[in-house]
Amino acid sequence: DTVQQDGVVVSAVNLAHGGHEKIFSIEFQGSGVGGNIETLVVVPEHLLVLGSSADAFVLSDGESYAARNGVESVTSLVGNELSGQFRLRLRGHTTGRIPFNSSVDEM
């Protein structure tokens, strides 16, 4: 899969009560994303994070992380999953509501 140009926004998360952690938010956005993106994965053999207690991990779909300052937490956004219904119209005939994830048999 590909993501449109400018479809990924990476920003630093600032902790209001301070701390030495570096937390980054990665957000996939735009019409070219095409719905819910598969969860990012940290591959252990490619993990090149160094320092005392350094780590890398992924939060998704509303998961929270307690910051090391013991005061704050960071919560991920819930994904923008595809959902809904649609109707088909042809020559004056309209179907009932069809779920977006209908099987071939349901169509």
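Mentor: Gladly! The protein has eight strands and zero helices, where strands (E, at least two residues) and helices (H or I, at least four) are DSSP runs numbered from the N terminus. The model is predicted, with pLDDT of at least 70 needed for local features and 80 or more for side-chain atom pairs, while totals for chains, interfaces and linings use all residues. Residues are numbered from 1 along each chain as its sequence is written, and side-chain values use heavy atoms, leaving out hydrogens and water.

Now to the part you asked about. A pair of aromatic rings is described by the distance of the centres and the angle of the planes. The structure holds one such aromatic pair; rings of Phe, Tyr and Trp (its six-membered ring) pair if their centres lie within 6.5 Å, and planes under 30 degrees apart count as stacked, over 60 as edge-to-face and the rest as tilted. The partners are F57 and Y65, whose ring centres are 4.9 Å apart with planes at 45°, so the pair is tilted. F57 counts as partly exposed because its relative accessibility is 44%, whereas Y65, at 16%, counts as buried. Here buried means under 20% relative accessible area, exposed over 50%, and partly exposed in between (1.4 Å probe, protein chains only).

Let us step outward. P44 is found in the loop between β2 and β3 (64-66), and at 63% relative accessibility P44 counts as exposed. P44 and A56 are twelve residues apart in sequence, with their C-alpha atoms 9.4 Å apart in space.

Further along, S102 lies in the segment after β8 (98-99) and counts as buried, at 18% relative accessibility. A polar atom of the S102 side chain lies 2.7 Å from the backbone oxygen of P99.

For the whole protein, buried residues make up 12% of the 107 residues. Among contacts (heavy atoms within 4.5 Å) between residues at least 6 apart in sequence, 27% join residues at least 24 apart. The accessible surface comes to about 9000 Å², and carbon and sulfur atoms hold 51% of that area; such areas come from the Shrake-Rupley method with a 1.4 Å probe, and for residues only the protein chains shown count as cover.

Key: Polar contact = N/O pair within 3.5 Å; in protein donor to acceptor, adjacent residues only side chain to side chain.
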